Amino acid sequence: MYKWFAVKRILKGVVIYAITIFLLSALFNTVSEATQRSQIEEQIRLEQTRLKNLLPAQIQAFQVERRANLIRQFKLDRPIVERIIFRTASILTFNFGKSMTITSSKGERDVSKIISETIPRSLILFVVAAAIEIAFGIFLGLKQAQKPGGKLDRTTSVVTMVVYGMPVWWLAMIIIMFFVYTLKLFPSGGIHSVPMPTGIMYFVDMLWHIILPLFTLLVLGFWGTAFVTRNIVLGILQEDYIMAARARGIPERRVLFGHTLRTAAPPLMTMAILGLLGSIGGAIVFEGIFSWPGLGNLYWIAVQQNDIPVLLADLAVTIGLYQVGLISLDLLYGFLDPRIKVGGKS
Amino acid sequence: MNLKDTRRALLEFWNEFRKDTSGLIGLGILALFVLVVIFEPVILPWKDVNRKWRNIDYWIDNSPAAPPAWTNLFAAEKKAVTTQLRAPGKAESDMDGGVGKILTLTFPYRFTADKAPLDLIFRATITGDVPMTFSVQRPDGTGIELVSHFEPGLANQGIRVTLNNEANATTFAFVKDYVSEADLSSLNSGSLEPVTLIFAKGEPTMASKPMALKGDYKLIVKAMLIDPATAVIADPHFVVSGAVSGVLGTDDMKRDIFSGLVAGIKWALLIGLMTSAISVFVGVLYGITSAYYGGVVDSAMQFIYQIVNSMPLLPVLIVVSAIFKPSIWFIVLVMVLFFWTGSVMTVRSMALQIKEETYVEAARALGAKNSRIIFRHMMPILIPYSFASMALSVPSAIVYESTVSLLGLGDATIVTWGQILHDAMAGGAVLNGVWWWIIPPGLSIAITGMTFAFLGFAMDKILHPKLQTR
């Protein structure tokens, strides 16, 4: 049963992703075609310089023929719907083409190479942050729910509301200003020192670079987690079976961590994954401020250098990751909540 | 729902609401914001900030990156505060052997700081031929003839005389009498700073180590009205361009940050409220329609909902802004296109229940059209429930706009907090520790967010009583 549920969910995710990319391809059709045409011209110029001993007329003929060839190759001569579908298909097969100016660390201009080297860097920062955040947030939320209306609960709730609309990148700016430029304790950004140290120092150096961004994410991050945990757990603690468990004399710790947390697992999971997905958006600016060379920082560079292919590919990959997150959320949810596994209309 | 019912419902709501301290605080801050927006023309120190934020000429008399004036309270060495000297003493006398007159304008200035202003700037709007001389009377009894200035044939045109640029030679001559031989050799009229010396004690070391001469100064402008019948000097005033300035200082382009901040309030509120109000309305309508019609319509609408819901807003918003260079209204539109999903699911599940109520059935039996049932019978019940989510989505709308602006992709015709922060990033405020440029705009965003969070959570507790603590 779960197998079918999983297959259905994944297929649906793929279809939704394809539709999303199609919509975006249609929206950005004009600008990406203009970019492609200018890239074709650039390529012809490049090839032309390699030609020697040709008459001007021959060069002209070469240009015209080559241009027609490339336009046919990229299907720029086809009707608009076909062009958009073609572009959608190439994005879905991770065929992003070449960048305008941005290069990968090895100097390649292949957009998929540029992007694939940034993904792990983003993941390491945000997954570590999310893990710590969730652990700490759930712990705090449980403590809050144990004594609702108590001192801890009230202060924590107020802090949650106070930081509710605080942009994490603004906090990052202030933290950098204070810790980097006033106290001079940490590097201003990046993931490694230059030159890159080797051996054990490689990891120490990375740790030194990751502390500040991690700290910033955590300072604002766990309040929301704690607040949602509190509300979920508070609802469950009022259930009859919790009272029954307590009446049977089961220790409070086991009631809390065994009975309550097990029931709360699916919604807590949702919250955790949605939180991680939510940080994808915030990551764009956050990474830019810390010059953390991940997916988000790539947006900044692409915006500043007006590199449309990288920008669009970055967007496609971000949405793809988001989609993967949503799918795995549903799969995990189905796994944790048996009612969904059996599922169906019965 | 008639007027009486609405009033009673509101009163009931208020009675619940006022028990919540944080909700009341939120309401109070919101009221304060609204008051500031209404009285903006009175509060703004720089009245034209809305139109001239990016106009360099408008800010030219300020000093760049000056800290707020109140930092003097904590500083060992007090700095002169940026002020304007208006309302001069006027005296008129006849010119020797001519038809013209001499108008003497005396601007008193009490100088109490330890550090001299950066510049003294005279401004006036002049018609006709008016040659002018500038001099200063110092508290120690000495005086300096500073500079003369003449622009012939002006017709209601502004003049601007900056003493720091134009009074070099005369100040040099004045200082020469005091300073020691050693200092004199290193001094030349090109590099000295006249305004610092004007406010320095007359000592041998006044050039190398100027000590402030505190007391009452008189800045005297003598204007020759060659043809007194037509010559006009309108709005003469001095700008004392101090090293500290205003409530929140200035940025490195000399703009007054407090003015920008005040001007940003209305945009933040507008962006936040408009986005959330429209999206909640659309979302409620969408949820009701989906639930009311059911079947294929419901499935199709749920699928569309899932597609929109599976796109992260911020990346899309940034790419759209980078490519289309949109106006603020377009940014709001894009946000609405993503925000409406927020309330759909709750509304849909509630609407599924309401749809089965007897009065809906009765309305249908009476021959009411679908649109009437949706708009008259279902919307009024469900809209109040979405007020909480409306308030709670205001902060995110404001943060999203600021984020887009922070990347330099915002609407360049308005002043928003995010744009101030973008300029701060670009101007190296983080690197140089210009905290008064970074903290206030972000704090404003955070406080606005907090306000709506207070309101939203308070309403949430009342509207969804399940979350109340026992």
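Predicted model: local features only at pLDDT ≥ 70, side-chain atom pairs only at ≥ 80, totals over all residues.
In chain B, an open sheet is built from four strands, arranged in the order E1-E9-E4-E7 with antiparallel pairing. Strand E1 (83-85) and strand E7 (154-162) of chain B form the edges of this sheet, each pairing on one side only. Between neighbouring strands of the sheet, the average turn is 20°, with direction ignored. Within the sheet order, E9 and E4 of chain B are adjacent. Strand E4 comprises residues 119-128 and strand E9 residues 232-241 of chain B, and eight bridges join the two in the antiparallel sense. One of the residues involved is B:Thr127, whose bridge partner in E9(B) is B:Val232.

Further antiparallel pairing in chain B involves strand E8 (residues 215-225), which is joined to strand E3 (residues 101-111) over 11 bridges. In this pairing, B:Ile220 of E8(B) stands opposite B:Thr106. E8(B) also pairs with strand E5 (residues 132-137) of chain B, again in the antiparallel sense, over six bridges. Here B:Phe134 has B:Val221 in E8(B) as its bridge partner.

Over all chains, the count of aromatic pairs comes to 36. One of them joins B:Trp46 and B:Trp59, whose ring centres are 5.1 Å apart; the planes stand at 45°, and the pair is therefore tilted. B:Trp46 has a relative accessibility of 19% and so counts as buried, the cut-off being under 20%. B:Trp59 is likewise classed as buried, because its relative accessibility is 1%.

A tilted pair is also formed by B:Phe111 and B:Phe199, with a centre-to-centre distance of 4.7 Å and an angle of 40° between the planes. These residues lie 88 residues apart and link distant parts of the chain: B:Phe111 is in strand E3 of chain B, and B:Phe199 is in the loop between helix H8 (194-198) and E8 of chain B. Both B:Phe111 and B:Phe199 are buried. In chain A, ring pairs connect A:Phe178, A:Phe179, A:Phe186 and A:Phe215 into a cluster.

Definitions and conventions. Residues numbered from 1 in each chain as written. Chains lettered and ligands numbered in written order. Heavy atoms only, no water. Pairing = 2+ DSSP bridges. Axes fitted to C-alpha atoms, helices over the stretch in contact; angles between N-to-C directions. Phe/Tyr/Trp six-rings, centres within 6.5 Å; stacked < 30°, edge-to-face > 60°. Buried < 20%, exposed > 50% of the residue type's maximum accessible area, 1.4 Å probe, protein only.
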